[in-house]
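Trainee: I would like to learn how to read this structure. Please take me through it feature by feature.

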Amino acid sequence: MKLTIFTKIVLVICLLLVSTLLLYYLTNRSSVRLIKQEIQRVKLNELTFLAGDIDNNLSKISSFSDFLVLDKDLRLLATPSFLEGDFELNKLKLRVSDKLNLLHALNNWNAEFTVLYAEDSSAFSSPSSSSSSSSSPSSDKPSDLYLETHFRPYWQYERTDGGAYLTYYLAHPYTFRFDPNEVSYVVKARIDTKNVLDYLDRAKGTNDNGPVLFSAAGDVLAGDAEKLPFIRELTRRLQVGEEKSGNRLIRLGGEHYLVNFSALGNFKDWYVADYTPIGEVLDPIYANQRLYYFSSVFLLLFSILLALLLYRDVQIPIRKLIWGVKKITSGQYTITLRQESNDEFVYLFDRFNEMSREIKELIEKVYMEQIRSKEAKLRQLHSQIQPHFLYNSLAFIKSMAELDEKQAVIDMSMSLSRYFRQSIKFENTFTTLREELELVRLYLTIQSLQMDRFVFSIDVEERLLDLQVPRLLLQPLAENAILHGIEPLRKVGDIRIAGRADGDSCELSVADNGRGVEPGRLGALRNAIYYGTDENTAWALHNVYERLNSLLGPDAHMELKNGELGGLKVTLRWRIVREREGTGS
């Protein structure tokens with residue numbers, strides 16, 4: 001299918017819009033992916049550093065416990081019977097309390113250290129403990145600590161009536177772990193989770209969502225109590241598995257969150273994590289995306305407006321010009337184009353209209369010249385027919401007079417006078433079919449009187465008799481039937497002229513019972529008549545065909561074939577033009 005200029009322009013605009021949108025989509029997707037990767041990298045690095053810092057703090061506090069469990073003063077307190085009096089005992093207890101206070105002051109998380117002795121059930125604690133710094137009875141005994149459950153080489157999370165804590169246990173002897181009866185004393189380090197939460201809150205900085213601690217068992221330590229259910233659900237969906245660190249993109253509450261996590265080495269099965277709403281980070285990009293889409297819609301509307309303007313100011317004028325050219329091609333030379341706008345097409349339309357008028361004038365001139373040429377040929381044909389025809393008729397009258405055939409002389413004279421009375425009306429190009437048939441009837445009557453061996457009949461519908469037809473339209477056909485069809489016969493000839501109407505078409509035929517035309521010569525005869533390829537062949541029929549097309553329109557046609565009577569049948573067919581009916585011009 002051939003594309004118009006307008007279609008090509010619209011396709012180019014559409015391709016530009018689509019390519020721009022596609023390029024932006026790919027660029028935006030790459031930018032979003034790069035930003036997400038960068039957020040993951042930065043957040044994971046921060047979280048890994050934070051996990052390392054937490055591990056360092058826990059490791060520092062656990063090392064203090066290691067120091068205490070090996071301290072000689074704590075070992076002496078386990079065997080007070082070796083001391084010399086209460087003074088030495090109190091002095092030793094004071095040194096142990098000072099050491100506990102010093103270790104309490106040296107850690108960042110306000111961890112409290114407690115020493116539990118098995119024999120006298122006394123306990124020594126740092127100042128943050130609810131116990132006094134001096135020795136006091138304690139309800140806790142090493143045998144009640146459930147060593148198999150609590151004693152692990154890492155920190156643990158415990159809940160009591162007083163709150164939640166991170167705890168770390170060591171027993172003396174240092175290598176002992178499971179038999180409570182052999183334990184002389186226990187060192188317990190305990191960190192209140194409030195201190196841990198304060199640390200996490202300080203690590204949050206300016207971020208709205210701070211880091212959290214969570215365990216594989218489902219425990220969560222988070223500073224924002226209001227968000228705790230949300231954080232529990234978020235960590236539940238995290239499903240860290242065997243990974244030590246990583247990230248997940250989780251959809252919760254209709255929004256995507258990037259959750260990073262890192263495992264703690266000293267706090268088994270516990271992780272530090274943070275979460276970032278992807279929407280908050282990507283909001284500026286999404287805002288730019290919405291702005292671009294709005295601009296794209298504006299460009300689309302602008303492109304539609306541009307296409308409409310092109311259609312109105314370019315496509316429609318071009319279509320009018322094409323329509324005008326087609327009309328001229330089909331023979332309608334009175335076409336006039338109008339252009340309302342004041343642009344370049346006005347000049348083209350004016351030139352087109354001027355060209356149309358000039359073509360019409362030239363065609364009329366050429367047409368009139370052709371008509372004059374046809375009329376000149378017709379007059380020449382008529383002038384050729386009349387002397388020969390008149391000579392033969394007069395010779396017939398002379399012969400009949402010598403034979404004293406008065407009636408034949410009378411009939412010939414009357415027919416000849418009527419024939420010439422009809423034929424001298426040559427000032428008009430057209431005549432009625434009635435007059436043309438009368439002329440042919442007189443001509444055939446005269447010829448039948450001369451030859452006396454053929455008959456003829458005329459059968460034309462009454463409603464066709466007033467149609468306007470060119471003069472001498474049928475006589476050359478009748479003459480051709482006599483010369484080439486009847487004369488060579490050795491029997492009585494038969495010429496039949498018929499006419500009928502078929503809708504808006506008129507059909508006249510002249511047929512004879514002669515020998516007809518051989519099929520091999522019929523094509524050559526048609527070419528000679530239609531195209532004038534041979535001036536010596538069927539010149540009269542060619543003249544009739546050209547006058548038929550010139551005066552009755554391009555739809556007029558002449559058909560030659562061997563008819564039902566055996567001879568040649570010539571059929572004239574044209575479209576009836578009602579304006580000519582009843583006119584004598």
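The dialogue below goes from the whole chain to single residues.

Mentor: Before we start, this is a predicted model: local features need pLDDT of at least 70, side-chain atom pairs count only at pLDDT 80 or more, and totals for chains, interfaces and linings use all residues. Residues are numbered from 1 along each chain as its sequence is written, and side-chain values use heavy atoms, with hydrogens and water left out.

Trainee: How many helices and strands are in the protein chain?

Mentor: The protein chain has 13 helices and 18 strands. Helices (H or I, at least four residues) and strands (E, at least two) are DSSP runs, numbered from the N terminus.

Trainee: What percentage of the residues in the protein chain is buried?

Mentor: Buried means under 20% relative accessible area, exposed over 50%, and partly exposed in between, with a 1.4 Å probe and protein chains only. Of the 585 residues in the protein chain, 42% are buried.

Trainee: Which residues of helix H6 are buried, and which are exposed?

Mentor: The general idea comes first. An α-helix has 3.6 residues a turn, so residues three or four places apart point the same way. In H6, residues 228-238, the buried residues are Ile231, Leu234, Thr235 and Leu238. Seen down the axis of H6, they fall within an arc of 95 degrees, so they line one face of the helix; the arc is that of the directions from the helix axis to the C-beta atoms. Pro229 and Arg236, on the other side of H6, are exposed.

Trainee: What do the buried residues of H6 pack against?

Mentor: They pack against strands E7 (212-215), E8 (220-221), E9 (245-252), E10 (255-263) and E11 (270-277). Contact means heavy atoms within 4.5 Å. Just after H6, Gln239 takes a positive phi of about 50 degrees.

Trainee: In what order do the strands of the open sheet run?

Mentor: Strands of a sheet pair through backbone hydrogen bonds, either parallel or antiparallel. Here two strands pair if DSSP finds at least two bridges between them. The open sheet has 5 strands in the order E13-E15-E16-E18-E17, with mixed pairing. Strand E13 (454-460) and strand E17 (557-562) stand at the edges with a single partner strand each, so one side of each is left without a neighbour in the sheet. On average, neighbouring strands of this sheet are turned by 10 degrees against each other, direction ignored.

Trainee: How many bridges join E16 to E18?

Mentor: Strand E16 (residues 505-512) and strand E18 (residues 568-575) run antiparallel and are joined by 7 bridges. Ser509 has Thr571 in E18 as its bridge partner.

Trainee: Which helices lie on this sheet?

Mentor: Helix H10 (residues 433-451) lies across E13, strand E15 (493-502) and E16, at about 170 degrees to E13. Helix H12 (residues 519-531) also packs on the sheet, where it touches E17 and E18, and its direction makes about 160 degrees with that of E17. Axes are lines fitted to C-alpha atoms, for helices over the stretch in contact, and angles run from 0 to 180 degrees between N-to-C directions.

Trainee: Which residues of the largest nonpolar core touch the most other members?

Mentor: In soluble globular proteins, nonpolar side chains tend to be buried together. A nonpolar core is a set of buried Ala, Val, Leu, Ile, Met, Phe, Trp, Tyr and Cys residues joined through side-chain atoms within 4.5 Å. The largest one has 59 residues, and Leu444, Leu474, Met558, Leu572 and Trp574 touch the most other members. H10 gives the most to this core, with 9 residues. Apart from it lies another core of 42 residues, among them Ile54, Leu74, Phe113 and Val115.

Trainee: Which strands pair with E6?

Mentor: Strand E1 (residues 112-117) pairs with E6 in the antiparallel sense over 6 bridges, and Tyr117 stands opposite Tyr185. Strand E5 (residues 163-172) also runs antiparallel to E6, joined by 8 bridges. In E6 (residues 185-192), 7 of the 8 residues are buried, so the strand is largely enclosed by the rest of the structure.

Trainee: Is Val460 buried or exposed?

Mentor: Val460, in strand E13, counts as buried at 15% relative accessibility. Leaving out residues up to four places away in sequence, Val460 touches Leu433, Leu437, Leu465, Ala498, Gly499 and Leu508.

Trainee: Where is Leu565?

Mentor: Leu565 sits in the loop between E17 and E18 and is partly exposed, with a relative accessible area of 26%.
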